[in-house]
Amino acid sequence: MNGFLRNGFLRRCRSLLKIAALRIIAAMNLLGVVLLAPLAWASEDGVACNDTLFPNATCSGNPTGSGNSAFPSVNRGFYGGFLVGGGVSTNDPIVQTGTAFPAPPPLPVWAIGEAQNRAGFMAGIHFGYEWSGRQIGCDPRWAILPALEFEGYYLGTQQVGFLNNLDSTNRLPEHLFDYRAPLNIGVLMPNFLVTLHTPFKIHPYAGFGVGTAIVSNSGATSLQLAPPEPGINHFNSNPNVTAWAPAATCRAGLRFDLGNSWYLFAEYKFLAIGATDYTFGPTVYSTHPPTTAWSVHYGTMFEHLGVLGLGCRF
């Protein structure tokens, strides 16, 4: 059983990584191909030099200026920072299932709908290490810098949708639920980043990561609109449930140097959170027929986030 669950988790991780990889291709357009032009002047030995692009530079072949006292190392080494932002989610399916027990026979519920697009807020921290990487051309201030980074952040959003029950008994001409669940999501994400360091104090970067998310439903409600049942929350006995899911991300942005240590950054972040399943409490009212506990399934959630932050190299 543990092997089956582990293999299923890995399959979901691979699926999310594939989705994130496709988004990386689109996000790379944000970097601007003009900033990558110096690659045309690069050579394996670092001996090609263009006086217009790299004025007053001598070609040493040393990566990122090591051994060149005129230009200290441009990589950040250890660094950290905090970030805030917001964005919007895209639709994913919601399925609510259970059984109600009015007059016999029991009434099965299999209600399906799409989540509406909703805005969200996020805030968190990151820390990582950036290596010296590979110098481009003659000027050591042009370089490709790899980094490993860990970020953790909170994301607040909602799952909202109208769910229509596919009534197999044909007892109800219409059976519609108004589903609403505030979500508190914690994301833990290791990332691999690549930065194009330039002499202009503006450095484009892109990256991706695979991690995990904890998704907490807080005060979820499922109100029956048709036939109407005013004031009846079908999850009233337990509207707060939590689940873990794999997550994947891709990012692209710009870093702006404020000096030798501090920097600002702005980025687009695409986040995919794998499908999750929850068990809410049964409906418990003296005026309502008893029910089983309610099972709810969320399909993969996609978040498009704009992020601003402040960081520091140590």
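**Contacts, strands and a buried glutamate**

Author: In the protein, 75% of the contacts with a separation of 6 or more are between residues 24 or more positions apart. Contact means heavy atoms within 4.5 Å. This is a predicted model, in which local features need pLDDT of at least 70, side-chain atom pairs count only at pLDDT 80 or more, and totals for chains, interfaces and linings use all residues. Residues are numbered from 1 along each chain as its sequence is written, and side-chain values use heavy atoms, with hydrogens and water left out.

Reader: Why is E149 called buried?

Author: E149 has 5% relative accessibility. Buried means under 20% relative accessible area, exposed over 50%, partly exposed in between (1.4 Å probe, protein chains only). At 5%, E149 therefore counts as buried. Of the 314 residues of the protein, 45% count as buried.

Reader: Where is E149, and what is E149 in contact with?

Author: E149 sits in strand β6, residues 143–165. Leaving aside neighbours within four places in sequence, E149 is in contact with Y79, H126, F127, G128, M189, P190, N191, L193 and R251.

Reader: What makes the pair E149 and H126 a polar contact?

Author: The side chains are joined at 3.4 Å. A polar contact is a pair of N or O atoms within 3.5 Å; within protein, one must be able to donate a hydrogen and the other to accept it, and residues adjacent in sequence count only if both atoms are side-chain atoms. The E149 and H126 pair therefore counts, at 3.4 Å against the limit of 3.5 Å. The side chain of E149 also makes a polar contact with the side chain of Y79, at 2.6 Å.

Reader: How do you know that β6 and β7 pair?

Author: Count the bridges. Two strands pair if DSSP finds at least two bridges between them. β6 and β7 have 22 and run antiparallel, so they pair by that rule. One of the bridges sets A143 against H197 in β7.

Reader: Which other strands does β7 pair with?

Author: β8 is joined to β7 by 11 bridges, antiparallel. There, G186 stands opposite I214. β9 pairs with β7 over five bridges, also in the antiparallel sense. There, R180 stands opposite T221.

Reader: What makes K201 stand out in the β7 and β8 hairpin?

Author: The hairpin has four residues between its strands, and K201 is in the turn. K201 has a positive phi of about 65 degrees, although it is not a glycine. Its loop runs between β7 (176–197) and β8 (202–217).

Reader: How do you know that the bond from P104 to P105 is cis?

Author: Omega is near 0 degrees. P105 lies in the loop between β2 (93–100) and β3 (107–114). A cis peptide bond also joins A226 and P227, with omega about -15 degrees. P227 is in the loop between β9 (221–226) and β10 (241–257).

Reader: Are C250 and C312 buried or exposed?

Author: Buried. C250 is at 0% relative accessibility, and C312 is at 14%. Both values are under 20%, so both residues count as buried.

Conventions:
Helix = DSSP H or I, 4+ residues; strand = E, 2+ residues; numbered from the N terminus.
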